[in-house]
Amino acid sequence: MSFHEMWAELLPVGRSAASGGYRRFAWTGADTDCRAWFRQQAEGRGLAYEVDRNGNQWAWQGDPAAGDAVVTGSHLDSVPDGGAFDGPLGVVSAFAALDALRERGARFTRPVGIVNFGDEEGARFGLACVGSRLTAGAVTPEQAHRLTDADGVTLRRAMEAAGHDPDAIGPDPERLARIGAFVELHVEQGRALDLSGDRVGVASAIWPHGRWRFDFRGEANHAGTTALADRRDPMLPYAETVLAARREARLAGAVATFGKIGVEPNGVNAVPSLVRGWLDSRAPGQDGLDAVVTGIEKAAREHAAAHGVDLDVVRESFTPVVEFDHALRDELVRLLGGAAERSVPVLGTGAGHDAGILAGRVPTAMLFVRNPTGVSHSPAEHAAEDDCLAGVDALTDALEGLACT
Ligand code: GLV
Ligand code: MN
Ligand code: MN
């Protein structure tokens, strides 16, 4: 099955007719459909298919027990109303690259694995990269079991409902020990390649990033009869905090976003009792990120106090700066440069990835495919088919260089 055919098959799965965006949330029906697609692709190619203890899917060419495997892949879940490319491009390209290797008559010297990591975006349960974090021991099974979605369904229950044993989850060091290299191909979430005129680039580093929950608690009251002076309205310090986030991020050359909010009781004619906002912040370095988050929290506390509102701030997740393996990165630059030794751009990113979680345990690298607008986490996310095919070629060259004679 060609790249084009695989892409077309996956395209309708989990797409909202209303927005044109994807709602492929972990352990839902759309996710199950994506996972069935992965399994079909694996089995259709005669690859050994398995689901690991954390629900990540694997397809193997060769025996992973031999060790020193080269693994590629990405994720199939999405953010709310996400694009088609973030995640699936890496998985579809992985199967297409394996097909190309077979067509080239490549002789494999190392096992090659294709992976679909579960719940990369954390759209449903709030924590990103749950599948890879569990595998790497970066979140404990107890912490994961307690994660809860907006309807109060725990991850434990969601896994059970989807047919995965939640008591099986946990670190998987033996699996990681068998992997000699992980290469994740991903659509670029920025315009660096478009500006440099390149179709494909190699990643250098991922900015440190995290998610913080701000709970502003005030007092519910009547919107018509409560004098302004008598209100303890949590929406006001929340609004001031959003502005402070923008200011702090600008000063530090960082980014800070309140993109998700919960309001109680959420009535048009009621002063809210609770405003819960989630901050996502990222910076080129740890000191900058610390300064931004500290500054935002300080402003939030001052504004909350001024309005008689209580504030709790909880860090829900954090990923430190990731510097990808230099030797593997340089090897990819060499392999992609080809005999003509073309220069291949090396770029950093503010986006999080399973590759960032694995990087602490396994030599890891990433390839980026040009995105002409840079838009991502939106239905408008796009990459031209020619560029996607250039990405497949690059991944094929990389796998050939790493895993074949
Ligand atoms: C995932 O795409 C993230 O960067 O949050
Ligand atoms: Mn994403
Ligand atoms: Mn992604």
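Modeller: The protein, a predicted model, contains 13 helices and 15 strands. Its radius of gyration is 22 Å, close to the 22 Å that the globule rule gives for 405 residues, so the protein is as compact as a globular protein of that length. Taken along the principal axes, the C-alpha atoms fill a box of roughly 80 × 45 × 40 Å. Of the 405 residues, 54% count as buried. Among contacts with a separation of 6 or more, 77% are made by residues 24 or more positions apart. The protein exposes about 16,900 Å², and carbon and sulfur atoms supply 50% of that area.

Against this background, the cavity itself can be described. The structure holds one cavity of 30 Å³ or more, and the space in the largest cavity amounts to about 60 Å³. Its lining consists of Ala26, Trp27, Asn54, Gly118, Asp119, Val130, Gly131, Leu155 and Met159. Two elements, α4 (130–136) and α6 (155–161), each give two or more residues to this lining. By class, the lining residues divide into five nonpolar, three polar and one charged.

Helix α13 (residues 385–403) provides the largest share of the lining, namely four residues. The lining of the second largest pocket divides into six nonpolar, two polar and five charged residues, whereas the lining of the largest cavity includes one charged residue.

Alanine 8 counts as partly exposed because its relative accessibility is 44%, a value in between the 20% limit for buried and the 50% limit for exposed. From alanine 8 to arginine 211 the separation is 203 residues in sequence and 34 Å in space, C-alpha to C-alpha.

Key
Residues are numbered from 1 along each chain as its sequence is written. Chains are lettered from A and ligands numbered from 1 in the order in which they are written. This is a predicted model: local features need pLDDT of at least 70, side-chain atom pairs count only at pLDDT 80 or more; totals for chains, interfaces and linings use all residues. Side-chain values use heavy atoms; hydrogens and water are left out. On a 1 Å grid over the protein atoms alone, a cavity is a set of points where a 1.4 Å probe fits but cannot get out, and a pocket is an open set with protein on both sides within 12 Å along at least five of seven lines; lining residues have an atom within 4 Å of a point. Grid points are joined across faces, edges and corners, and a volume is the space filled by probe spheres set on the points. Ala, Val, Leu, Ile, Met, Phe, Trp, Tyr, Cys and Pro count as nonpolar, Asp, Glu, Lys and Arg as charged, and the others, Gly among them, as polar. The radius of gyration is taken over C-alpha atoms; the globule rule is 2.2 Å times the number of residues to the power 0.38. Buried means under 20% relative accessible area, exposed over 50%, partly exposed in between (1.4 Å probe, protein chains only). Contact means heavy atoms within 4.5 Å. Accessible areas come from the Shrake-Rupley method with a 1.4 Å probe; for residues, only the protein chains shown count as cover.
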